[in-house]
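Here's a quick briefing to read alongside the model. Have the viewer open and follow along.

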Amino acid sequence: MIADKFEVLKRYFGYSAFRSGQEKLVDSLLAGQDVLGIMPTGAGKSLCYQIPAIMMDGITLVISPLISLMKDQVNALVQQGVSAAYLNRSLNEAQYRKALANAVNGKYKIIYVAPERLESGSFLRFAMNAEISMIAVDEAHCVSQWGQDFRPSYLNIDSFISKLDRRPVTGAFTATATKEVKNDIIRLLDLKAPVEVTTGFDRPNLFFSVLRPQNKSAKLLGLIRERNGQSGIVYCSTRKKVEEVCGLLNNSGISATRYHAGLTDEERVKNQDDFVYDRKTVMVATNAFGMGIDKSDVRFVIHYNMPKNIESYYQEAGRAGRDGVDADCILLYAKADVNTCRYFIENIDDNEELSAEQKEFFRKREEERLRQMVFYCTTSACLRGYMLKYFGDRAKDCCGKCSNCLTEFETVDVTVEAQKILSCIIRTGQNYGVKMITDVLRGSSSERITRARLDRQSTFGIMKDLSVAGIKYIIEKLEEQGYIISVGAGMPILRVTEMSYPILRGNASVKIRKARHLRSRAPKTELRAVDPELFDALKAVRTQFAKKKGVPAFVIFSDATLADMCLVMPTTEKEFLSVSGVGANKLEKYGEAFLRVIREYKK
Ligand code: ADP
Ligand code: ZN
């Protein structure tokens, strides 16, 4: 047994320092103290219980609801030289019995188990006779009905623990915890005076950007081509969009697959595996995709449509860069996305258990959350800062690593344009949407316009000199600033607000901020800083091992580790061991093959 946590950290995981929050959780568990760890995705929660598990006598049970994630975690542990297994319904009867027999014989140090299994007789018999020294509850928010992923079987964890002879030290881990959820976790899992660690929500390696392309599909193609061969996810708001976008990518020679609730179970599993095992580079999906996917080398997440709130956005975007290497989170915003979201909100009537009052309350809350999401897409302030404050964190005014922080804005006075637009809306009776108003202002004589006699309006054609996009942009900005509101879903019509009259009377002015200079990504990222030739050569070796062992590539070495190899350029075993992410086990298994490539390259 190894008595030093730093030695375990290096030997098994290949890291030489703990990240913020990890050490305190490890120390507390080792001292027999319950813990509650609240850390964002990718912060490194698993290490917090895996290290004490390796150091303690006896077995650690990890309770997790995510079957696919269990497999990856166990794969990764085994690669690192830790004996581990999982017990869940993906095993057939014979496999399950074999694994359980191995467990009874003390073969495993760490056992992942699905919460439903805790109830089963054979598992309980095993647990009551084994020496279980720790219980780690992953995704602990599933115990709470306040959260979005409530799992009734999580309520059995407490009674399961109380059936054991000796109560093991218990740790609970989650990425999402409001106050209600946190209290539920402590109460329903019966944690004993837990040491709490909450690290901030910030994900420093993620670059956030919002773009407003005229043509989303062309932009998307460009963005993906720029990221040639990198693994990424494209989120769309509907199944139909997923089909369309996935088709577009495939027709353009990009290796893409798809995921949404309309596919068969088999196809979903297959497509997901194709993505995780790098047989397909890009996953196009609805928000049904992502829960329990532990692919740490996702280099970009592009939202083709704006999600309905910041919570969803941060969770989905957060699937990028879990390995800590720089990754991009790009949102392609269009005004039409707001209408789609509004339509969904107005139609959340299908839950029959809710009273009319509750529905109304729910709708109001969703509208407010949508408003804040739109604000994210339209603000010129720091994007990271806006989200961190939304979650109650503190943040600097400028992060230097989001599209707004890298954009120079110029302030333009558009009072005259605003007067023209607002009076056009009023004179046409506040009855029309963006398209009609723009057409009238540009003096286009479509049939609809002549039929409604709008071509006789005094505002007809008074903005001939501006492009459609230019007028629309100012209308959007006027709406964002509260001079105009859109009424109705689908094809909303524009109305003016009280605020508009001082403008029309010439008693106030309107200014908008226009982007003058924009870089759509961070200047230089860790990954891009390394020599691509060596990096690709190392990747090729990694792919061979991954294929041979039937595990995803990042289980062999993460992108971060390959990048570090490029920087360190080790030629001896000792040097190889100093690379971040290389432990004794992986040195032994893979060292020679990777060293050969590096030596070759150096020559
Ligand atoms: P979470 O469960 O919190 O989402 P993981 O436990 O999956 O995060 O860890 C995310 C990534 O960070 C993994 O690739 C892991 O190896 C890496 N990691 C964890 N702890 C450290 C550390 N101390 N130093 C470097 N990398 C780490
Ligand atoms: Zn910023």
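Start with ligand 1: one of its nitrogen atoms sits 3.1 Å from a polar side-chain atom of Arg 19. Keep in mind that this is a predicted model.

**Around ligand 1**
- On its own, ligand 1 would expose 570 Å², and the protein buries 83% of that.
- The shell counts 14 residues, of which Tyr 15, Gly 42, Ser 46, Leu 47 and Arg 322 come nearest.
- Helix H3 (residues 45–55) supplies the largest share of that shell, with three residues.

**The sheet**
- Seven strands form an open sheet with parallel pairing, in the order E3-E4-E2-E5-E6-E1-E7.
- E3 (84–87) and E7 (195–198) are the edge strands; each has a single partner, so one side of each has no neighbour in the sheet.
- On average, neighbouring strands are turned by 15 degrees against each other, ignoring direction.
- E1 (residues 35–38) pairs with E6 (residues 169–174) in the parallel sense over four bridges, and Val 35 has Gly 171 of E6 as its bridge partner.
- Helix H4 (residues 67–80) packs on the sheet, touching E3 and E4 (110–113), and its direction makes about 165 degrees with that of E3.

**A buried arginine**
- Arg 369 belongs to helix H14 (residues 356–378).
- Its relative accessibility is 14%, so Arg 369 counts as buried, the cut-off being under 20%.
- The side chains of Arg 369 and Glu 366 make a polar contact of 2.7 Å.

Terms used. Residues are numbered from 1 along each chain as its sequence is written. Chains are lettered from A and ligands numbered from 1 in the order in which they are written. This is a predicted model: local features need pLDDT of at least 70, side-chain atom pairs count only at pLDDT 80 or more; totals for chains, interfaces and linings use all residues. Side-chain values use heavy atoms; hydrogens and water are left out. Two strands pair if DSSP finds at least two bridges between them. Helices (H or I, at least four residues) and strands (E, at least two) are DSSP runs, numbered from the N terminus. Axes are lines fitted to C-alpha atoms, for helices over the stretch in contact, and angles run from 0 to 180 degrees between N-to-C directions. Contact means heavy atoms within 4.5 Å. Buried means under 20% relative accessible area, exposed over 50%, partly exposed in between (1.4 Å probe, protein chains only). A polar contact is a pair of N or O atoms within 3.5 Å; within protein, one must be able to donate a hydrogen and the other to accept it, and residues adjacent in sequence count only if both atoms are side-chain atoms. A residue is near a molecule or strand if one of its heavy atoms lies within 4 Å of it. Accessible areas come from the Shrake-Rupley method with a 1.4 Å probe; for residues, only the protein chains shown count as cover.
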